[in-house]
Structures are given as structure tokens and as C-alpha cells.
Amino acid sequence: MTELSRYRNIGIFAHVDAGKTTTTERILKLTGKIHKLGEVHDGAATTDFMDQEKERGITIQSAATTCFWNDHRLNIIDTPGHVDFTIEVYRSLKVLDGGVGVFCGSGGVEPQSETNWRYANESEVSRIIFVNKLDRVGADFYRVVDQVKRILAAKPLVMVLPIGEQDTFTGVVDLLTRKAWIWDESGDPSQYVIEDVPEDMKELVEKYRSELIETAVETDEKVMETYLDGEEPDVDTLKKCIRKGTINLDFFPTYCGSAFKNKGVQLVLDAVVDYLPSPTEVKPQPEVDLEGNETGEFATVDADRPMRSLAFKIMDDRYGALTFVRVYSGTMLKGKNILNTFTGKEERISRIVLMHADSREELDSASAGDIVALLGMKNTQTGHTLADPNDPATLEPMVFPDPVISIAITPKDKAVVDKLATALGKMVSEDPSFHVESDEESGEIILKGMGELHLDIKVDILKRTHGVEVVVGKPQVAYRETITKSIEDDYTHKKQSGGSGQFAKLEFRLEPGELGTGFSFESKVVGGNVPKEYWPAVEKGFRRSCEEGVLAKYPLVDLKVTLDDGAFHAVDSSAIAFEIAAKAAYRQSIPKAGPKLLEPIMKIDVFTPDEQVGDVIGDLSRRRGMIQGQESGPTGVRIKAEAPLSEMFGYIGDLRSMTSGRGQFSMEFSHYSQCPASVSEEVIEARSKS
């Protein structure tokens, strides 16, 4: 077994088409894990093994693999770049210790890069940066470094400089050693020479090397004092300083190259080993109780401590359900029982496997620091903690965003209804951002997801993987409702019909909550007019009522309920009476509180050639879009905007028409905002007819 100090659990993440999967493929070739390179554009990449991934040339599921470099074990997860699959990036970052952020040399810091970077910041994941595709037209390493500073508010620590640019890019200069790595044009990553810095780059190299050293020594006072006294630290000392700063998120070592042309990847692998943390060097995961409150205990990475592991992904394949887990502490053994602290039930581990994309290696055990897949888990879902039955604890759970778009489906053949239900059950367990509901009135099944592509892929998986063809309805927007006025009101619930009656009186206030706060409840009752044991029933009644608004039956959000007073009867009052009173009070009072419809607003990022900027901006304005800014690049203009989701359906087709196929865009959910009256009336009328 590899000792923990030599483990590196890393993720590779970036904007779609920045070259993550190609970079992963090169890493696997260099580490001897694969012997023939597969290309994304040929549909032959090792980690893109779904049919949908091969056809579209994008990564949909995060894929796990293990390889070795310089006596270090690298557990690598290649994550998707498309915005509709950010959930895969989020849950992968949750269990990783370090990451490689890949940026396109010409595209620079693109919208999904920003989202992934934000997730990584929230998860406090140490990163190195790889500016890829420097052989492309319009590639500019220095411009991307500047964008990292401006757009991500991050501090890149430039470790190498490119030799040549675009079609003349031949290699990089390692600033630490002042040596040039030059690759030939054979495409073989091992065909390179290390030589002195080119004469015309010496001044630039010294400038960036001085900046590197000055930044690195700031992490160690003694080293800094020595440096200020005129003595330059040796390379090993500098590496220790860089490692410390990287782990503390003070800066991000930045490399460049061309993964496709096999140039520059070795230095990235060296950096993973030299600067990214081992499992023992990151903050241990906090343990929480069943209510989600931190207990003050931590899952320290140690094979001798009680077992703690987090299920971060469920995947169904031809051998059954695979549960991907990160083991934080202790050891899990094949054939033994482990406790799922969410369900409170024990499950038996029938097999433990080490994954290499879709092939596997059988193991008898897994210890702290490992990322493995388990077979035989029947009731484990993403985010569940698996722990030692004799010493249980729960790790901080994952929080997933709500879907913003839905479609209705019906099976083409009624005979496959059961098959469809089974398939959807598996797909929901695999993807926490994918929800399924059934409309009892129409008999339709409603699929909810993060975007059009997300649901398009799900329908494709139903057809190809599960053999179920469905008829798909138009996409629907997930509207919400809220109130705009504060009101005070009261309601009395009385029921007397033989036997014991029901009585509950409520005096309450309804107020609009802060945007994004959901539902909140507070009781200010004094003197026992409404006994404390009935407060939870009042809260439950209002909370449950919020599942259906009064305008168009969409969920009501951002509501604050304050119970000011009330009355009870010693015999006829009960928790159920107060819950019924709260539900009736909701129906009575919400219409008086200025209810309004809210619509999801999306953050839009559009790339367009210069000539079509006016057309694109005009079209976005017609879609009720608000332009936030624009930025010129070497090959076109990036326009940032916000627009309602309801106006963006089918946008990619219109954009391609306007830009002769050269335009690209991505969008992600931003926030909810009040609908204009005309839109609100249309939605309410359509909802009342359905």
C-alpha cells in the first residue's frame, strides 16, 4: 500500500472544450496507465466511455482512475465542463484534496471556469493552473494569466514561460531551474530535450523568476529574511515554500502547454506531486449529528481511526450499481457490514473495486485516503455517510441546487411503463440534480433538470441505455411565487361534531423574507396562550402549505411567518388542530399579501464574432435580456448578460443562424426575479387551463 504522504486525490476541471479530457488522456499515457492515446474528437478517450460522451465530444459523468508518477499514487477524477453538469464537478470537488484547473490558451477564463473556480474556493481545494492549447490560433499565455487575476480574483504564480506561440509553440522554460524543455513535432511526449534558455527570453525569464521567488518566500519568514539579506534560496527550499503557499490557497502555480501536442504535461505532473496536498495535509472533514449540527469532532485521515467515508456518486453499469466513496478515516473490508448513518441501516460490502474509467481492479480493503467504488450498496445515495457500525458519525452532507427546467414525457409503448419507472429510479439515484415527478391528473411523467442539454441527455440515456423510447413535451419553466406586502391577520379553527372537538386560534404576521431565504418561522407568543408543544404544528402547517402558491400553484418562497398570539382549549386543542388552522390561515391570508410570480433568471455568456455583436445584443434585448458587459478577445467578443429562462429556449439554434455557426453560449441559474405583469398573466392563465 502506498503511504498516505504519497497520495494525491485530484480533479481536473475547466470550461467545456478547454481540454480536460485530453489532458487526462496524456497523463494516463505518461504514467503508463494506457499505451495508446484516445482522442476526444474521435470518440475514443478513455474517460469518456458513455455513448453520449463519445458522440458529442463532451464529458457528462465524472470518471475516476488511478495511476502512478514518481512513486506517488494519483487518484484522478476527470469532470464535465458543460454548465448543465456542474453537479458532477461540485460533488467531485467535495471529496478531492487538490485540483488542476485547465484553461484554453485562446478562450481564456470562460464562464464555466468561473463557476468551477467558485466551487473549488468554497470547498477550499488547492489548485494548480494549466493553460492549455497554446498551439491554437489566438492563444496568449500572458492574457490568460491576466484574466485569472481580473476575473477570478486569484493569484497565479507563473512557474513556466512558453517558448514561441500559436503555430511556433515548441516548449516551455522552467523558471525554477532556468532550463528550457523543447519537444519535437513527433507528438511523442518523451521526445524532448532540456537545454539553456533561449537568448531572446533571458530578460523575461529573470523578470518572472524574481516575481516567483518574491511571492514564494513570503510563506516562510526565515527564508524571506535570508532572501532580503541577498542570499537566494535553493530550489528545494523554494519548492517547500511554494507547496506551503499552494496548500494555504495563497497562490496557484501556473503552467502552460499543449496537451494535444504532448507538450508541457510532465511539468504539470511534477507540480501535482510537488505542490498539491496529500490527504493528511488538508483540513479534516467535520462530523455532524443527524440534524446537521457540527459536533466538534473531525474525520482525521488515519487508517487506525474509526471508519468514515462519503458516497459522492452512484453509477449504474452492466455489473450493477457502483457507489463511489472517498474513505476519510479507518479501513473498510470486503464482506463486512457498514452503517449508513442517513438511513440508520447497515449494508454489506460485497465487493470493493479500484476504477479505471469503466474497467476495474478487485480489492479486499480500502483505507483512509482511498477513492474506490463499492458493489452491493442497495440504499446508499449521493451524500450519505458510511461509517463503522460500532462507532457511528455523519460527515457534512452535500447540498444540491433545485432544478429550473422541466419536460413532460410519456412512453411510446404502454407496455414499458414498469421498465421506464425502474430506469428513472436508477437515473435519479445517480444524479441528485435530476428530479422525477408524476402528474396524477394528466398521467404524464415530469423530468426536472438544470438545463435543456441536461434533460436531452437524460432522454437519450432512457432510449439507448435502458431501451425506453418516450414522447417529449415542450420544456417548462420552474416558476416560484412570493408575497410583496406584510400583513397581520388571525384565524380561528373550530369543529364540533360529536365526541371531542377541534379548536385553535392563531394571530400572526406574514412578511416577505430576504431573497433566497425560503421559509422561516418564529413564535413570539408569551403567557402560554398557544402552548409551546403546538408551535411546531403551526410551523409545519404553514411550511407544507408553501408547497403550493395561490396564483398558479407554484411553490411559494421567501416567506417569514411570525406567530404573535392565539388561544387554545384545554380539551379540544391538539397539534393536528393547530396544523389545520395554519393551513387554512395560509389560504386565507396569502391572497391579501400581494402575491407575485417569480421567474428564474439565467446568467448568460455568449461568444460571437465581431461582425455580429450588434445582432446578438439586439436579440438578447428582445428576449428581455440585460447586458452586463462585453469583452473583446482575439477571435471575437464575449457578452455577459442576464435573461429569463423562459425566453432562452432554442437559443443555440438562433445564435448559430446569426453567427453562421461560429457563436457559442452557456448559461446557468442566477436568481429568481419578479415576472412582469404581462408574463405573469400568461403563465397563470396557461396554468389554469392545464
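User: How many residues does the largest nonpolar core have, and which of them have the most contacts inside it?

Analyst: This is a predicted model, and its largest nonpolar core has 73 residues, with V100, M159, I242 and Y255 having the most contacts inside the core. Helix α9, residues 265-275, supplies the largest share of this core, namely eight residues. Another core, of 43 residues, lies apart from it and includes L455, L462, V470 and Y651. As for the chain as a whole, 53% of its 690 residues are buried, and its secondary structure comes to 16 helices and 38 strands.

User: Which residues is Y255 in contact with, leaving aside its neighbours within four places in sequence?

Analyst: Y255 is in contact with I129, F130, V131, F141, M159, V160, L267, V268, A271 and Y275, once neighbours within four places in sequence are left aside. Contact here requires heavy atoms within 4.5 Å.

User: Why are α6 and α7 called oblique to each other?

Analyst: Two packed helices are described by the angle between their axes and the distance between the axes. Helix α6, residues 202-217, and helix α7, residues 221-228, pack at an angle of about 140°, and their axes are 8 Å apart. An angle has to be over 145 degrees to count as roughly antiparallel, while 65 to 115 counts as roughly perpendicular and under 35 as roughly parallel; α6 and α7 are therefore oblique to each other.

User: Which residues meet where α6 packs with α7?

Analyst: On the α6 side S210, I213, E214 and V217 take part, and they meet V223, M224 and Y227 in α7. The residues of this contact divide into five nonpolar, one polar and one charged.

User: What makes E599 count as buried or exposed?

Analyst: E599, whose place is in strand β35, residues 595-608, has a relative accessible area of 3%. Buried means under 20%, so E599 is buried. The side chains of E599 and R624 are joined by a polar contact of 2.8 Å, a value to be set against the cut-off of 3.5 Å for a pair of N or O atoms. Not counting residues up to four places away in sequence, E599 touches Y479, P644, H671 and V679, among others.

User: What is said about the phi of N70 and E124, and where are they found?

Analyst: N70 has a positive phi of about 50° although N70 is not a glycine, and this residue is found in the loop between β2 (63-69) and β3 (72-78). E124, also not a glycine, has a positive phi of about 55°, and its place is in the loop between α4 (111-122) and β5 (126-132).

User: How do you know whether N70 is buried, partly exposed or exposed?

Analyst: The relative accessibility of N70 is 46%, and since exposed would require over 50% and buried under 20%, N70 counts as partly exposed. E124, with a relative accessible area of 44%, is partly exposed by this reasoning.

Methods: Residues numbered from 1 in each chain as written. Predicted model: local features only at pLDDT ≥ 70, side-chain atom pairs only at ≥ 80, totals over all residues. Heavy atoms only, no water. Axes fitted to C-alpha atoms, helices over the stretch in contact; angles between N-to-C directions. Helix = DSSP H or I, 4+ residues; strand = E, 2+ residues; numbered from the N terminus. Nonpolar A, V, L, I, M, F, W, Y, C, P; charged D, E, K, R; others polar. Core = buried A, V, L, I, M, F, W, Y, C linked by side-chain atoms within 4.5 Å. Buried < 20%, exposed > 50% of the residue type's maximum accessible area, 1.4 Å probe, protein only. Polar contact = N/O pair within 3.5 Å; in protein donor to acceptor, adjacent residues only side chain to side chain.
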